[in-house]
Amino acid sequence: MAKPDFLKEHLNVWWLRPEQALWDAVASDVIAKEPVRSPSLDLGCGNGIYSFIQAGGSFGPGYDWFSNATASGFRKNKDSYDVPLAVDPADHIARKPRMRFDFAFDHKQNLLDQAARLGLYEKALCGDAQSRLPFADGSLATVFSNILYWLRDPAARFAEIGRVLRPGGRALLCLQDPRFKAICESYQWHRRRSELLRLLNRGRDVCNLWTASLPEIKAFGRRAGLRLVGHEGYLSVPTLRFWDVGLRPIFPPLLTMTQRLSPAARAEVKALWIETALPVLEEMKRVDAKDPRPRGYHFVVLERR
Ligand SMILES: C[S@@+](CC[C@H](N)C(=O)[O-])C[C@H]1O[C@@H](n2cnc3c(N)ncnc32)[C@H](O)[C@@H]1O
């Protein structure tokens, strides 16, 4: 199968937030190169849509996930996607993913309910990734996760992943380098006493508990019986600067405007929006690839000894 056009796929879902579509497309190009072997776990899968697209899945143009989103918690820095299932993604699957994860794991049942509809996961488990994971020692071949920096005590999290992986099993991890918070200026609002940066950050800093350089990641791995066998930096300076602002600050009126349209008008606007945004984002993705500076994120592959 030809490599999916990740930018088009992510933009079809994240159309009102193009900066997130760009991020996810850049990430998918890097992460999708690494095979996922069974038994496998998507740790902190959320609603599963990112992993669904990365696994080659595709939604039709009629899938408008934002019709289900809410901006009511915007002032309290709540996530717009953290909502119960209303639009069933299963009704809009145009292409099934080419692989499946055995387990989806997240602490939010409403997100797992959506993930369970994608045909991507054999089993959805709700629990706290800060505690002991509900898997036997050495029982998994792959753990994919993009949430470790949301969790306290990185050494304990690495140890837990090391425990559940079998010898030769691999952890595929997305991790923040300290550079991330230097590039995304809004994360410096507190130190710089900047109201503007605080408004732009909207509480994202509260979820991002730690960063690690590559030598630090290697050291965490080593202590957990995990050897670094692959690494790629991703998310360039221009991509992250765009993402740090994007359309996030004006999201409530944007969402409200689109939610007041009739279904037909909404579909028309969505198509025009994507047609307009796609060439710009494609060029941004080329700029991302060419930027010579070190990236803000690490994608690492760690193998259990
Ligand atoms: C950045 S999102 C990642 C979602 C998806 N994997 C992706 O890459 O787009 C972080 C996810 O971690 C979950 N999460 C945060 N803290 C958690 C915890 N203590 N236990 C389990 N899941 C958690 C959140 O519910 C959310 O779905």
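This is a predicted model: local features need pLDDT of at least 70, side-chain atom pairs count only at pLDDT 80 or more; totals for chains, interfaces and linings use all residues.
The protein contains twelve helices and nine strands. Its C-alpha atoms fill a box of roughly 55 × 45 × 35 Å along the principal axes. Of the 305 residues, 40% count as buried. When contacts between residues at least 6 apart in sequence are considered, 78% of them join residues that are at least 24 apart.

Helix α10, which spans residues 237-245, has Thr239, Leu240 and Trp243 as its buried residues. Viewed down the axis of α10, these buried residues fall within an arc of 90 degrees, and they therefore line one face of the helix. Just after α10, Gly246 adopts a positive phi of about 50 degrees.

The axes of the helices α2 and α10 come within 8 Å and cross at roughly 145 degrees, and the crossing is left-handed. On the α2 side the contact is made by Glu19, Leu22, Trp23 and Val26, while α10 contributes Thr239, Phe242 and Trp243. By residue class, the contact of α2 with α10 divides into five nonpolar residues, one polar and one charged. Of the α10 residues in this contact, Thr239 and Trp243 are also among the buried residues of that helix.

The loop between α2 and β1 (40-43) includes Pro39. The peptide bond that joins Ser38 and Pro39 is cis, with omega at about 0 degrees.

A further loop, between β6 (140-145) and α5 (154-164), holds Ile147. Once neighbours within four places in sequence are left aside, Ile147 is in contact with Leu43, Gly44 and Ala129. In the case of Gly44, the C-alpha atoms of the two residues are separated by 5.9 Å, although Ile147 and Gly44 are 103 residues apart along the chain.

Positive phi values also occur in residues other than glycine, and two arginines provide examples. Arg193, in the loop between α6 and α7 (195-201), has a phi near 50 degrees. With 9 other C-beta atoms within 10 Å, Arg193 is exposed, the limit for that class being 12 or fewer. Arg202, which is placed in the loop between α7 and α8 (204-207), likewise has a phi near 50 degrees. Here 17 C-beta neighbours are found inside 10 Å, and Arg202 therefore counts as partly exposed.

Terms used:
Residues are numbered from 1 along each chain as its sequence is written. A residue is buried if 20 or more other C-beta atoms lie within 10 Å of its own, exposed if 12 or fewer, and partly exposed in between; C-beta atoms are placed from the backbone. Helices (H or I, at least four residues) and strands (E, at least two) are DSSP runs, numbered from the N terminus. The arc is that of the directions from the helix axis to the C-beta atoms. Two residues are in contact if their C-beta atoms, placed from the backbone, lie within 7 Å. Axes are lines fitted to C-alpha atoms, for helices over the stretch in contact, and angles run from 0 to 180 degrees between N-to-C directions. A crossing is left-handed if the near helix is turned anticlockwise from the far one by less than a right angle, and right-handed if clockwise. Ala, Val, Leu, Ile, Met, Phe, Trp, Tyr, Cys and Pro count as nonpolar, Asp, Glu, Lys and Arg as charged, and the others, Gly among them, as polar.
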